[in-house]
Structures are given as structure tokens and as C-alpha cells.
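Here is a short briefing on one protein chain.

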Amino acid sequence: MAAAAAEQQQFYLLLGNLLSPDNVVRKQAEETYENIPGQSKITFLLQAIRNTTAAEEARQMAAVLLRRLLSSAFDEVYPTLPSDVQTAIKSELLMIIQMETQSSMRKKVCDIAAELARNLIDEDGNNQWPEGLKFLFDSVSSQNMGLREAALHIFWNFPGIFGNQQQHYLDVIKRMLVQCMQDQEHPSIRTLSARATAAFILANEHNVALFKHFADLLPGFLQAVNDSCYQNDDSVLKSLVEIADTLCGDTNLNNMQRQLALEVIVTLSETAAAMLRKHTNIVAQTIPQMLAMMVDLEEDEDWADADELEDDDFDSNAVAGESALDRMACGLGGKLVLPMIKEHIMQMLQNPDWKYRHAGLMALSAIGEGCHQQMEGILNEIVNFVLLFLQDPHPRVRYAACNAVGQMATDFAPGFQKKFHEKVIAALLQTMEDQGNQRVQAHAAAALINFTEDCPKSLLIPYLDNLVKHLHSIMVLKLQELIQKGTKLVLEQVVTSIASVADTAEEKFVPYYDLFMPSLKHIVENAVQKELRLLRGKTIECFMQDASDVMQLLLKTQTDFSDMEDDDPQISYMISAWARMCKILGKEFQQYLPVVMGPLMKTASIKPEVALLDTQDMENMSDDDGWEFVNLGDQQSFGIKTAGLEEKSTACQMLVCYAKELKEGFVEYTEQVVKLMVPLLKFYFHDDILQPLNTPEVPWRYVSLTTERVRVAAAESMPLLLECARVRGPEYLTQMWHFMCDALIKAIGTEPDSDVLSEIMHSFAKCIEVMGDGCLNNEHFEELGGILKAKLEEHFKNQELRQVKRQDEDYDEQVEESLQDEDDNDVYILTKVSDILHSIFSSYKEKVLPWFEQLLPLIVNLICPHRPWPDRQWGLCIFDDVIEHCSPASFKYAEYFLRPMLQYVCDNSPEVRQAAAYGLGVMAQYGGDNYRPFCTEALPLLVRVIQSADSKTKENVNATENCISAVGKIMKFKPDCVNVEEVLPHWLSWLPLHEDKEEAVQTFSYLCDLIESNHPIVLGPNNTNLPKIFSIIAEGEMHEAIKHEDPCAKRLANVVRQVQTSGGLWTECIAQLSPEQQAAIQELLNSA
């Protein structure tokens, strides 16, 4: 007995040494442990686990070692034990679980029990440990929380514990899990039961009947996912992802089932990205499965010669995998995704099977947006590699290479064009000559369109001759094929390529225009069949010059628009073509309005439909009707008819174009257009309807973005329509304003999208500027005040929420990028609040100050020192407007803004300095006598900024110029507050201003005042300063600081002309100017 106790004591020392930080001690202990016979190990380890007086670390180490022993050496050790010892071990483990008080230790013993149970299932599935099952059933129903947790933990660890009796116990297992999942008092039990359920499902992944039997556990499981996440426990969510990941890779399931499983993971990558980034193993497992889906392509002998571009088959694994990869890259970011996927793609591109090379290239296209930053560093390597595949032996691989080039041209523009223009243009033109594969030709042309759309004009010009030569020869050849064979696919894309090149090259394309016109006119005149509508539409869009002739041709050859279907592709192109003609012809286009407005208004009035349909209804509606469906279960589907939605958006944008270009020439149509546009401020499908249906079949982002463009066009049109209607007189103008005003204010309060909201707010401000004082009644002011107050409060609340998210355990670089984007959006809305207040102050002056007081505390909060610099910038801008438009009454509020304004002139942020300096300038100009002492105080602060060493750097120059202008305003409007004779020579040395055009006009006007009054300090003794003044004027002209139509330009020209008559003085002034300055002076004389 004493010997056994001594051996056990030695074993405790051994356990301690196994935990030693000393490598030598630990290694020696490991060797000693390995040499202990298996049976003795079990005895020693069990004794250590049982001994509650032993050190906790030693007990936990013993538990880990015993589990490891049963896992790795069960067959060598356990069967050799006498049966009574085996029975004792099983009984001992169950007893320890029941007696153990430490939760972490109990879990480790449960792990041992699960491992033993796993090994005690024989080849026929018989469980050799029935006592273990009885313990499981007894414990899960126990009132003891620890025992219930233990039972669930064992089942989670080994869900196959029932062996061949599983089917017999299936209802019992289900009741057990349901009961635990409904335990409202113990969140840990709900979490463990959900994890055990997930493990059981995964262990039976091929048992479809079991899946169905356990389907009604799903609501409870999802509730457990939700609850555990709020408790900062993502273990259940991870279990859900593991199920989805397993199902996604199960090729025995049908495509839709695998895709739905993948959707779970992809949706989490978008909505719980920070959590998923922690579990990189899940992402690492999912990415190869997406790529495997993308390889699931069918051979198609007719593919290369197809003349119609079929819509993507959204049921196919290839399309689903590509879409999922795109979304996951955007959701998780390139820092995680690119290293995981890069090697996979490189291996695929070297695979002899064309499907793998195709999938690899499509994968590169898909990840470009999400991995943008990381791919930029290796873009040269990627581009060189991709271009090789434009010569791949398989046409579908060449097609995929064209796709990758086109996508990179969009994702990495304009840097892509600047770096790779030479090799990419040459490679695409060569691929467009692939006469035997028109799908490849057409896609090469499409890639060229992507490339030229974002290509800087200067880069494209050197290639024009070569581009025109290739495009023209292909167009002539394909036009012949159209006439002879009726094939049109390549011709459609080439025509669009010509239009894209012409758009980018602008006037440089004019010499080539006559080369293309005969073929283009032939298409418009003859391509009138229904199947050629898209070709004709694209050709119409291609016209750039001879606008009057082209309009006549269009009017002569077009079909009756009343007969056109909503989704006729000609409509969109013809509407775009008319807008181009309008820009080219200007006022002359007015004569065509009676012809074009009918179809344009019809298209802008299209009403997309949504419906909830049963299976029978859905079968009665064909895909040709433009309906897209998503199955909601229970034999119901959600349908959305998107036919004509894009055309509606284009038509609304073109109406804005007409109003902008034709102005009063559009007045006949203002009433019908405003009646169309005002309701469109509310044109949206709610995201809570669309977003859950965000599948390839119902492209939520596409529908959402298109409806947003309609609302933006509606908002943009409002001030332009008011401008058009001015010629009808104030009564007509007021009626139109009353029709739109309420809707605009309500839209500011309800618009859900920040980009659209900013446009509505901007348009509302422009409308107030057009209508002026009196355009808002008391009800308008009350509603607007409440909305602006809510926007400002929301601004502060959002900032606080972002700070909370920065403290979250899931916070990382990707989250910070997202938070910065949110912040930028919030700041942009703040700028629009400032715009609205500016328009109100400039129209109503000091009368509006009592209304403004409800917002005053919030604006004061913006300029507090602890606020971010954009808050302080825009808070100051609002107070700048108060001073400029409401003085001298503005001094009532000086206690709130004057000290911060003086302090912020020297702020670290140039944007804040600029806003403060502008405020000090208008304070001198408009502020009244109360502001005099503060003008004196401001001067040295302004001078300090101007004279700082980096005052003229790019980031600082605007703030500095506002300081210079403010000094000028103080001297001009408050000369008794400063020593003008002392300051004036310095001020002259700082001129001219050229970055801030508005302040440049102010300073040049003051300079003209001084010269015209023969100010001795400005002119100098015997006019010796005139050469310097000429230099200032010339530099201002060279930088286009003042427009020639501005009265100030004429005053400056007159100053020059007066000197011009004085002979020698003129020669002296001109001689001191550079050739460029002399040319600028001459340009001023010629133009002003």
C-alpha cells in the first residue's frame, strides 16, 4: 500500500514536470511518461483526476492525457485490461462527473467519457457501455444543472453514442434536445443543446429522413444562435456555419440545397464579418467549395457560335459559386480572402482541364472589388498572367480571360489603364480578330468598352489610328455577316466599342467620323426587325456628330413608340441618343421636343410591379413577361417585374438633362414633368422586402440602385424645373413650388438611402435659392426644423455608436474601414444640412433667427473642441452664414461662436482653419460695429497662418488664401481697426490668390479699389510697384482666378490699358514679365 502511494506521489511530480517551462525538464518527463505501461498509466491518471486535493493544473493535465491515451492507443491498452478493471474505469468516470464541483474539470472528464463511449461502439454498432446511456438519460432530466450540462456535453462530443439503437431512441433524443432548447431559465443549457443538435445533424449528414424529422428544431436552434450571439458567445453560430459548410460540399445534395447552405455562410460574411474572420478555418474550407462549384460547367458544342447572349443560369453551381465568392470577398476583405484563395487559383490556371482554367479566371474577376487593396500590389503579376490566357486553346477560357481583363479595367481604374494600356489594348484587339469564335470576339469588345470608359483621354489618343482601323474592319466584316447570315452579336458589341472610344476621345475622334457613318446609317435604316432591336439601339447611341441629320434620320426611320414594348432595348438607347443630341444642338433641339417627349414620358411613367403568388399563378406567368421569382415555401413565391425599370431610370435622367440644357425652352413640359417627378421622390421597394430576397434571381442591389437613380433624378429635376418655369411669371412659379415643396420636405425626413437623401437636401436648398424670401410658411418651417434637428441628433448618436463598436471584441481593420465609410456618409449629410441652412439664411436674413434657435445648441455642440474636425468645420460654416446674412443681429449669438472661431484660425485641420478664416472675413465685411475689437484681435492670428512655412502646400493653400482674403476684408471694411499702411505691403506680397476662386475675386476687387484710388503704398513712389501689380494680374489670369465675364476682369483690364497708354512705363512693366505672363496679360486685354 505504501509503495503504491509512493508511486502515485512520484506520478504527481511527473505531471508537474510535464507542465514545466524548462524544456530539458519537460522533455525528460515526457520520456518517463512514455515508458510507463498502459494499464499503469490509466490507474495513475484516474487516481490523479479523482484526487480533489491535488493541484488543479495536475488534475487537468491528467484528464487531457487520459483522453489522449484512449484516443490514440485504445486498442493497445483497454482490451488487455481485466473486465473488472474495465468496469471500474467506466463506473469511476461516471462517479467523478457526478461528484466534480469545478465546471472546467467536469467538462474534461466528460470528454474522456465521450472518447471511451466512442471506442466502445463495436463494428455492428452495439454500445458496450449501457450504463453510460442510462447516465445520459438520467442526467439530462436531472434538476442538477451541472449534470444536465455534462449529458449535453458528452452527446455534443460524441453524437453517435446510441450506436445501432439510434433509430429506436430517435424520438427520445429529439424530446431531450427540444426540452433543453426550451429551458428559458438557463441560457447555457439552451446553448449546449443547440450545439449538440448541430453535432447530431452533422454526424447524420446523409440521413435525409432524419433531417426532416428534426426540422421543427430549427426555430429553437436559430433562437439559440441569436441569444448566444447577444451573450458574446459565437459557438452556436459556428455550429450553424459548420452545418452549412458540410452541406455545401455534399455533392449528393441537389444544386439548390448546396447553394442555400452556401448562402448561410456568405450572408454571415456580409452581416457578421468580424465574427467569421475569427474562424479562418471555416473560410478556408468554404473557399475551395465555391471554386469547386465554379468548375461545375457543362460542355456545349454550340457555345462559341451562339448569337444571343443568354442570361446567366442562376440555378447553376458555377454562377452561384462566383456570386458567393464576390460577396464573401467584399464582406470579409482581401486581407483574409486573397492569401487563402491565391494558391487555389494559381493551381486551377495550370490545370489541363479547361473548366478549371475558366473557373480560376472567373474567380479572379469575382474577387477584384473585395480584394482591391491587396491585389493592387501584385496587379502587374496578375495582368501578365491573365493576358496569356487570351491565347488559350479553349474558347471558353479565352472568354473568361476577356472577362477578367474587363473586370480589372473597372475595379482598378484608372490606375489599370495608366499602367497596362499598351499591352491590354494590343491583346484585346488581337482577340477581337478571333473570327471562328464570335462569343470570344464579342467579349473582347466588351472588355475594350470597360477599358476605354475609364481611360484618360491623353492615354487613348496615341492608339486611335490602330483602334479605328481594327474596329472599322471588324464592323464592315460583321455587317456583311449580318446581311448574309443574320448574325449580330459581335456587331452589337463593336458598335458600342466605337461609341465608347468616341466618348473618351471627344473632338479627337471627329476625323474618323465619316469612316463609320455609312455603316451606322445603314444599320439604323435597315435593322428594323424585332430580333435586331438591340443592335439598332446601340447604333443609335453611337452617333456623335451631324446631330440635326441624325435626328431627322431617327425620326424618319423609328417605329411607332406606342407599339413598343416596355423592355424594347431600342428605347433606352434612343433616349440616351436624344439626350446627346440635345447637348450638341442646345436650343435647336427644342424643335424635336413634340416628337421625343411622348415616348420619353411614357417610359418614365413605367410602373414596375410586385406580387405574392401561389404556384398556379406563377405557372401562368412566363419568364418573357419580365417577372423574376423567389420561392418562399408553402407553395408561395414573391415576384417582381423588373422589365422597363432600367429604361424608366434612364428616361427620368434624360428629363433632367432636357430641363438643364433647354431651360425656358422646356417650359411647355414643366407641368407634366413635375406631376411625374414629385411622386417619384417616394419610388422605392422597401429594403425589408427586397433584402431577404437578395438572390441572383431577384437582384436586390440592382433593383435598389435603379430605384435610387429614379429618386435622385426626381430630386435633381425640382430646382431645374423651377428655373424653366420662371418665364411664366411668379404666380405660375409659386404654384409649381407649392406642388413640390411638401413632398421635398417629407422626403428629407423619410428617405432611407444616404446618397439619395443628400441629393434631395441639395435640391431643396437650390429650390429655396430660386424661390427666395417667403417660399416657406410656418408649417414648412416647423416640419423642417424638426427634421433638421433629428438629422443632427442622429449624427451625434451615430458617432457614439461607432465609438462603442470600436470597443467591441470583434473590432478589427476591416470594421474600422466600414466605420470610416459610415462616418463619411454622416459628414456628407451634415454638409447638406449646412446647404439648407445657407439657402434659408441667404433668403430670409435675420428674420429666420428665432426659428434657428431650436437648432442652436446642436450647432454649438458641433464646434466643441472635442468634436472631430469635420463637425467643427461645418459648424463654423453654419455660423459663417449667420454672420454673413444676419448681421448685425448675429452678434446676439457671438458668445457661442466668436471665441472658437478665433481659436480655430490656428487649428491643425486646414479645413477648420479655412472655415474660421472665412468667418472672420465676413465678420469684417458684414458684422457691424460690435465686431470691431475682434477684427483687431483676429489680424495677428491670420498673419501667423499666412506666414507659416507650409502655408502654400497643397493641403493648406485654401485655408491660407481665405486668411489672406480676410486680412483684405478687414483693411477694406474695418480700416480703423488695423494699421492699414503697415499691413498693406505684406498683403500685396501674398497675392495673387488662385485656388479659391470666390476669394480671388474679392481680393482682386479690393486691389482694383486701391489702384483706382491711386493708393500711394500700392502704386509706390513714381509707380515703382506697377511691375509687381502686373505680375499679380498676369498670375491671376494664368491660373484662371477670375472669369472674363466678371466685372472685376474688366476693371483689371482697364488698369492695364491705362498703363498701356503711358509708353515707357508700359515697356518697363512688360519687360519684367516672363513670356507666359506677357501672354496672359494679352489674353486679358483680348477677352475682358
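Ser-951 sits in the loop that links helix H47 (932-946) to helix H48 (957-973). The model is predicted. Is Ser-951 buried or exposed? Its relative accessibility is 6%, below the 20% cut-off, so Ser-951 counts as buried.

**Around Ser-951**
- A polar atom of the Ser-951 side chain lies 2.9 Å from the backbone oxygen of Ile-946.
- Leaving out residues up to four places away in sequence, Ser-951 touches Val-945, Ile-946, Asn-956, Val-957 and Thr-960.

**Nonpolar cores**
- The largest nonpolar core holds 175 residues.
- Which of its members touch the most other members? They are Phe-589, Tyr-658, Phe-666, Trp-737, Phe-852 and Trp-987.
- Another core, of 98 residues, lies apart from the largest one.
- Leu-297, Val-386, Ala-427 and Ala-502 are among the residues of this other core.
- In soluble globular proteins, nonpolar side chains tend to be buried together.

**Whole chain**
- The protein chain has 55 helices and three strands.
- It contains 1088 residues, and 55% of them count as buried.
- Among contacts with a separation of 6 or more, 72% join residues 24 or more positions apart.
- The accessible surface is about 48900 Å².
- Carbon and sulfur atoms account for 50% of that surface.

Notes. Residues numbered from 1 in each chain as written. Predicted model: local features only at pLDDT ≥ 70, side-chain atom pairs only at ≥ 80, totals over all residues. Heavy atoms only, no water. Core = buried A, V, L, I, M, F, W, Y, C linked by side-chain atoms within 4.5 Å. Buried < 20%, exposed > 50% of the residue type's maximum accessible area, 1.4 Å probe, protein only. Helix = DSSP H or I, 4+ residues; strand = E, 2+ residues; numbered from the N terminus. Polar contact = N/O pair within 3.5 Å; in protein donor to acceptor, adjacent residues only side chain to side chain. Contact = heavy atoms within 4.5 Å. Areas by Shrake-Rupley, 256 points an atom, 1.4 Å probe, with all protein chains shown as cover.
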